[in-house]
Amino acid sequence: MYSFMGGGLFCASVGNVLLVISTVTDYWMQYRLAGTFSHQGLWRYCVSGKCYMQVESIAYWNATRAFMILSALSCFAGIITGILSFAQFSTFQRFNRSFAAGILFFASTLFVLLAMGIYTGVSVNFLGKRFGEWRFSWSYILGWVALLMTFFAGIFYMCAYRMHECQRLAGTR
């Protein structure tokens with residue numbers, strides 16, 4: 001049980017770091033604009049080595065930002081709950097912290113999936129037609145890797161919960 005929780009905590013910690021890095025960096029997309037390479041993130045865009053804040057309130061950027069922030073917060077709450085699940089107190093017999101941590105990690109996975117899906121859909125359908133030569137960049141890829149890490153953290157914590165339940169039920173016979 002503790003090995004599943006340890007593996008889940010490792011995946012969640014790496015996933016949370018990747019979520020934060022992906023959210024704050026400016027390399028979600030790279031494209032050629034007026035003969036120079038440019039790149040953009042969720043908060044800024046950079047052209048010819050100069051970076052500018054994205055002041056336009058465009059719905060898909062706002063939605064992507066919001067879901068990435070919710071994902072990072074949910075993952076962080078899952079990490080705290082996961083750490084607390086190592087010390088299971090008998091007063092909380094009906095509330096299992098490893099189950100709660102697993103649910104928080106799955107919620108984080110859902111939020112990052114929504115963020116990446118929105119950004120991908122709009123980028124391919126709108127921005128891909130606007131810029132002839134473009135590609136997704138490393139910040140975007142880190143978001144997808146974070147999705148996998150939070151998903152596997154949820155799987156590990158659900159396995160720990162099932163193992164704990166099996167041991168608890170075997171002990172009551």
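How many helices and strands does the protein chain have? The protein chain has 4 helices and 5 strands, where helices (H or I, at least four residues) and strands (E, at least two) are DSSP runs numbered from the N terminus. This is a predicted model, in which local features need pLDDT of at least 70, side-chain atom pairs count only at pLDDT 80 or more, and totals for chains, interfaces and linings use all residues. Residues are numbered from 1 along each chain as its sequence is written, and side-chain values use heavy atoms, with hydrogens and water left out.

**Overall layout**

- Along the sequence, the elements of the protein chain follow the pattern α-β-β-β-β-α-α-β-α.
- Of its 173 residues, 40% count as buried, meaning under 20% relative accessible area, with exposed over 50% and partly exposed in between (1.4 Å probe, protein chains only).
- Among contacts in the protein chain with a separation of 6 or more, 67% come from residues 24 or more positions apart; a contact means heavy atoms within 4.5 Å.

**The sheet**

- An open sheet is formed by 5 strands in the order E4-E3-E2-E1-E5, with antiparallel pairing; two strands pair if DSSP finds at least two bridges between them.
- E4 and strand E5 (134-136) stand at the edges with a single partner strand each, so one side of each has no neighbour in the sheet.
- On average, neighbouring strands of this sheet are turned by 20° against each other, direction ignored.
- Strand E2 (residues 36-40) pairs with E3 in the antiparallel sense over 3 bridges, and Gln40 stands opposite Tyr45 in E3.

**The loop residue Ser48**

- Ser48 lies in the loop between strand E3 (44-47) and strand E4 (50-53).
- Ser48 has a positive phi of about 55° although it is not a glycine.
- Most residues other than glycine have a negative phi.
- Ser48 is exposed, with a relative accessible area of 51%.

**Helices H1 and H2**

- Helix H1 (residues 2-24) packs against helix H2 (residues 59-84) at an angle of about 155°, with their axes 9 Å apart; axes are lines fitted to C-alpha atoms, for helices over the stretch in contact, and angles run from 0 to 180 degrees between N-to-C directions.
- That makes H1 roughly antiparallel to H2, a term for angles over 145 degrees.
- Residues of H1 including Leu9, Ala12 and Asn16 meet residues of H2 including Met68, Cys75 and Phe76.
- By class, the contact of H1 with H2 has 10 nonpolar, 5 polar and no charged residues; Ala, Val, Leu, Ile, Met, Phe, Trp, Tyr, Cys and Pro count as nonpolar, Asp, Glu, Lys and Arg as charged, and the others, Gly among them, as polar.

Notes. Angles under 35 degrees count as roughly parallel, over 145 as roughly antiparallel, 65 to 115 as roughly perpendicular and the rest as oblique.
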